[in-house]
Amino acid sequence: MAQTAIPTGTYDDTDHDEDLGDGHHEPRSFITKYIWSQDHKVIAIQYSITAMAVGLIALVLSWLMRMQIGFPGSLPFIDPERYLQFVTMHGMIMVVYLLTALFLGGFGNYLIPLMIGARDMVFPYVNMLSYWVYLLAVLVLVASFFVPGGPTGAGWTLYPPQAILPGTAGRDWGIILMLVSLIIFVVAFTMGGLNYVTTILQARTRGMTMMRLPLTVWGIFVATILGLLAFPALFVSGLMMLLDRVLLTSFFMPTITSLGERLSYGGGSPLLFQHLFWFFGHPEVYIVALPGFGIVSDLISTHARKNIFGYRMMVWALLAIGVLSFVVWAHHMYVSGMNPYFGFFFATTTLIIAVPTALKVYNWVLTLWQADIHFTVPMLFSLAFILTFVSGGMSGLFLGNVVVDVPLSDTYFVVAHFHMVMGVAPVLVIFGAIYHWFPKVTGRMLNDALGKFHFWVTFLGTYAIFFPMHYLGFVGIPRRYHDFEGIAFIPDSARELNAFITVAALVVGAAQLVFLFNMAWSGFRGRPAGSNPWNATTLEWQTPETPPGHGNWGPRQPVVYRWAYDYSVPDAEQDFLPQNYPRPAGDGLNPEAPPEQGGLLR
Amino acid sequence: MAHQGTAGYTAGPSAQAEGWQEIVTDLSADRKAFRNVPWGKAMMWLFLLSDTFVFGCFLTSYMSVRMSNTVAWPNPSEVFALTIGGAHIPLILIAIMTFVLISSSGTMAMAVNFAYRRDRARTAALMLATAALGATFVGMQAFEWTKLISEGVRPWANPFGAAQFGSTFFMITGFHGLHVSAGVIYLSVVALKVARGDYERKGNYQIVEIAGLYWHFVDLVWVFIFAFFYLW
């Protein structure tokens, strides 16, 4: 690459007036370098590997569920209780322990300091603790597979009263471990999240204004703030349910007669739990989606060699979605028995949040318009994300309206909707992002042929899995049912369709093993990548070493002169200008303008 | 060359930026969104924002449970009354506790003031005084818990009325008490480091102010608990 020839701006930060936090923590031994590491890059890899390992458990659980639905009775050990335990653990692992941890703990940790030109997070020690506490949460969660009665089968929403009543699987141990694990997870997330937000706000390099941040950083930033404000509701509801279960308080428990026996509970409100849970649960959807939005914006711009369309509007849309995501939660509760007027309010806000979201989709498409699209694997996954997100979002318009939602509630239509929009779509971004940044993390390219194979099987396969589920939902097939024997209204076509979906799910799951093989093999044997294989502008590709060394930048930190999207600039000698590429004198910009509009730095 | 720089378009000078635009320009300056705010202070503010939501959820849940309850809610003035020297005084212990905690915010503010003046001895002494007042608060809370437990109040039931009275009481005051206890430890550690001269060598006393932020927050939360739980 002509990369080395580019004169780039740096500055010596030895006179850095900043409070260095617990700054200097040069690793001295194998253990401090790879195990108890305070380096954000190592912590990111630890987070990612743990999240993917626990994700494999969720993948196997989904296979088992699909076997039962597609070929009932073929695996005799899947009884109704086990089936519901699989549903619960699959959902909770995917949403919280995989997606949240991978996007924020993994990509957030790796990319934030590199993209903003910092040497590390502001408090590396707290950052390290965040990972180890997260690992503890994962271990407590996984431990519930091995306790008497197994993990909880309450469904990932853990609705009381059923979640803690006798008769629900895992009522003795599983639910306790689940709640404890969630509480620990919130603590871990808070330690990491405070670091991410503070780092982005207060530790950017010279010239890196907020309005020059790559959209990846913006997405992670807004998502982390959502997390810091939404996870408290999960923390509180988890704690209260734990007290209900262990100390027999009745926060969420009404008067109940179970098997002819009146329980000691009374006077609590199950609806209160639903409100608390979804006050966390809906922002959680955007905690998973917004980093994806940000990453996909950068992937599209880089691999289409074109500046992102409407950068400022993309930022404002992220912020608008972030704010609105806190006032839509009760659209998950249309059939809960809450006040019907709530339905009117929350349906309205739900439709309003579609506006900034649609704005982002238009901007991605307009970025691609007449662009020099390179069909690299990250680009393929990005395009697939846009398609999947649009189809998942469209079914959201059905479910957001009360009258349409009521008949569709608790059917496979809902399953199809949320898997498309917050399951498959973010996972596609994660894959694209891994193919994109793997060369920076390891210094080697992932194998392209295996990558394309992985892409096509995953993309077409997930459509084969989830598209037919919309039809199943219209037919009225209920979700979370162990089997459909003897239910008269279910046509034979539904059974055949379920068998088809199961075959597709097995194939897609197997394709993920190819991906894992690709990562393991390419990590050691892949083609050396060089420092900037995609000719990208953002700072993480301009590090003096690949993979970046401890402290990221060598002796001099980079200085930023431009936004992250100077691709295909007319008259420039190459088709991209890195963010630390100095601005020529007299480039027609007003030096008095604010820096994010091209003015000089003050 | 009409290549457009950073945000994709050029705009007027910053001197013309007014109102919201000016705020945006300020916050999006390079390196730091909040100038002269050290990292630790920014992080503490963010933590307190998050913690506000924790206590907000606790108090909202409490209000929701109280309002939707079909069993009569016990009268806090009666439950938390003490008979001292033959006089029956409602809420007397809570009033003293509140006074102690709010006084501790005063000593904390003075400690921050002396930290800015680099007066090591007085800073450390005032911080220890704050911690002592905090410990007194926790001690009185332990007394209050003991009294209620001896009267038969349990998290799952109580003799005065709705069972959720005991549940919310122990949960919310317990969680707040943990915050105070953590603060007492935090303040004591920082006070000892101040006395030892650690920050003299580093050249800044920001940590005193940061610890102060946390302490004032815990104090403020108590005001809300006092208002919503005891006075309602």
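**View 1. Contacts in chain A of the predicted model, by separation along the sequence.** In chain A, 80% of the contacts between residues at least 6 apart in sequence join residues at least 24 apart. The model is a predicted one. Buried residues account for 56% of the 602 residues in chain A.

**View 2. Fold elements and overall dimensions of chain A.** Chain A contains 14 helices and 4 strands. Its radius of gyration is 25 Å, close to the 25 Å given by the globule rule for 602 residues, so chain A is as compact as a globular protein of that length. Taken along the principal axes, the box filled by the C-alpha atoms of chain A is roughly 85 × 50 × 50 Å.

**View 3. Helix 3 and helix 7 of chain A at their crossing.** Helix 3 of chain A spans residues 80-116, and helix 7 of chain A spans residues 270-303. The axes of these two helices come within 10 Å and cross at roughly 40°. The crossing of helix 3 of chain A past helix 7 of chain A is left-handed.

**View 4. Residues at the meeting of helix 3 and helix 7 of chain A.** On the side of helix 3 of chain A, the residues that meet helix 7 of chain A are A:Val95, A:Leu99, A:Thr100, A:Phe103, A:Leu104 and A:Phe107. Their counterparts in helix 7 of chain A are A:Glu284, A:Ile287, A:Val288, A:Pro291 and A:Ile295.

**View 5. Fold elements and overall dimensions of chain B.** Chain B has 8 helices and 2 strands, arranged along the sequence in the pattern α-α-α-β-β-α-α-α-α-α. The radius of gyration of chain B is 24 Å, whereas a compact globule of 232 residues would have one near 17 Å. The C-alpha atoms of chain B occupy a box of roughly 85 × 50 × 25 Å along the principal axes. Of the 232 residues in chain B, 35% count as buried. Among contacts in chain B with a separation of 6 or more, 71% are between residues 24 or more positions apart.

**View 6. The annotated domain of chain B.** An unreviewed UniProt entry lists residues 44-232 of chain B as "domain: Heme-copper oxidase subunit III family profile". Over residues 44-232, chain B is 79% helix and 3% strand. The end C-alpha atoms of this stretch of chain B lie 31 Å apart.

Definitions and conventions: Residues numbered from 1 in each chain as written. Chains lettered and ligands numbered in written order. Predicted model: local features only at pLDDT ≥ 70, side-chain atom pairs only at ≥ 80, totals over all residues. Rg over C-alpha atoms; globule rule 2.2 N^0.38 Å. Buried ≥ 20, exposed ≤ 12 C-beta atoms within 10 Å, placed from the backbone. Contact = placed C-beta atoms within 7 Å. UniProt positions renumbered as here; feature names shortened; annotations may be inferred. Axes fitted to C-alpha atoms, helices over the stretch in contact; angles between N-to-C directions. Left-handed = near helix turned anticlockwise from the far one by under 90°.
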